[in-house]
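Please look over the sequence and the fold first, and then follow the paragraphs below, which move from one local contact to the surroundings it belongs to.

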Amino acid sequence: VLPYVDMTIKGWIWYQGENDMHGTFGNSARGSGYACLMPKLVSSWRRLWSASPGTTDPQAPFGLVTLAPSGSEGGTDIGTMRWAQTASYGVLPNPAMPRTFLAQAYDLDDPYVNDTCLHVTKCTHDTPWPPGGYPGGCDGYCSSVISTKPLEGPIHPRIKKPVGMRLAQAALPVAY
């Protein structure tokens, strides 16, 4: 990140989680694991970007996205991973991570990772599609699913619009 620390920014969104920690999620009170590293990342980035007075706010907002539960990528204890993302508090903001916000993606795993959309026999107004809708309705969604392969596995939802909408809503009280 060092090439970018001279930029003045409004805040950050961290859409990443190391769910392949396999039992080292840790605990922020004990100073161990990912639960300890996440608040350190937030504070270190705030310190780096605000080193020059009058640039980035030293308490600039920092947003996180939880990971979806599906798939075998990484570890299988995704619930503990989400807990670790919040420094073992379960919510944001919290005492370890002030002026932070959280967008949940636990329900946005990729339902069509195995191309089951191909097996939809008739696309009607009753056929479900992701929250927030999709351009072209059901046909547009199914066509997009068929032609777009997930890049990182089903814990990274292929459809990003609901994640963006949740981030925007969660950021409002913290950033604006």
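A polar atom of the T55 side chain lies 3.2 Å from the backbone oxygen of W49, where a polar contact is a pair of N or O atoms within 3.5 Å, one of which, within protein, must be able to donate a hydrogen and the other to accept it, residues adjacent in sequence counting only if both atoms are side-chain atoms. This is a predicted model, in which local features need pLDDT of at least 70 and side-chain atom pairs count only at pLDDT 80 or more, while totals for chains, interfaces and linings use all residues. Residues are numbered from 1 along each chain as its sequence is written, and side-chain values use heavy atoms, with hydrogens and water left out.

T55 itself lies in the loop between α1 and β2, helices (H or I, at least four residues) and strands (E, at least two) being DSSP runs numbered from the N terminus. T55 counts as partly exposed because its relative accessibility is 28%, given that buried means under 20% relative accessible area, exposed over 50% and partly exposed in between (1.4 Å probe, protein chains only). Leaving aside neighbours within four places in sequence, T55 is in contact (heavy atoms within 4.5 Å) with T8, W49 and S50. The C-alpha atoms of T55 and I9 are separated by 7.7 Å, although these residues are 46 apart along the chain.

W49 leads back into helix α1, which covers residues 33-49 and counts W49 among its buried residues, together with others including M38, L41 and W45. The buried residues of this helix pack against β1 (12-14), β2 (62-65), α2 (78-85) and β3 (100-103).

Which residues does W45 touch, not counting those up to four places away in sequence? They are V1, W12, W14 and F62. By the rule that rings of Phe, Tyr and Trp (its six-membered ring) pair if their centres lie within 6.5 Å, with planes under 30 degrees apart stacked, over 60 edge-to-face and the rest tilted, the count comes to six aromatic pairs. W45 and F62 form a tilted pair, 5.9 Å centre to centre with 50° between the planes. Because W45 lies in helix α1 and F62 in strand β2, this pair ties together parts that are 17 residues apart in sequence. Both residues are buried, and W12, W14, W45, W49 and F62 form one aromatic cluster.

Note on methods. The expected span of a helix is 1.5 Å times one less than its number of residues.
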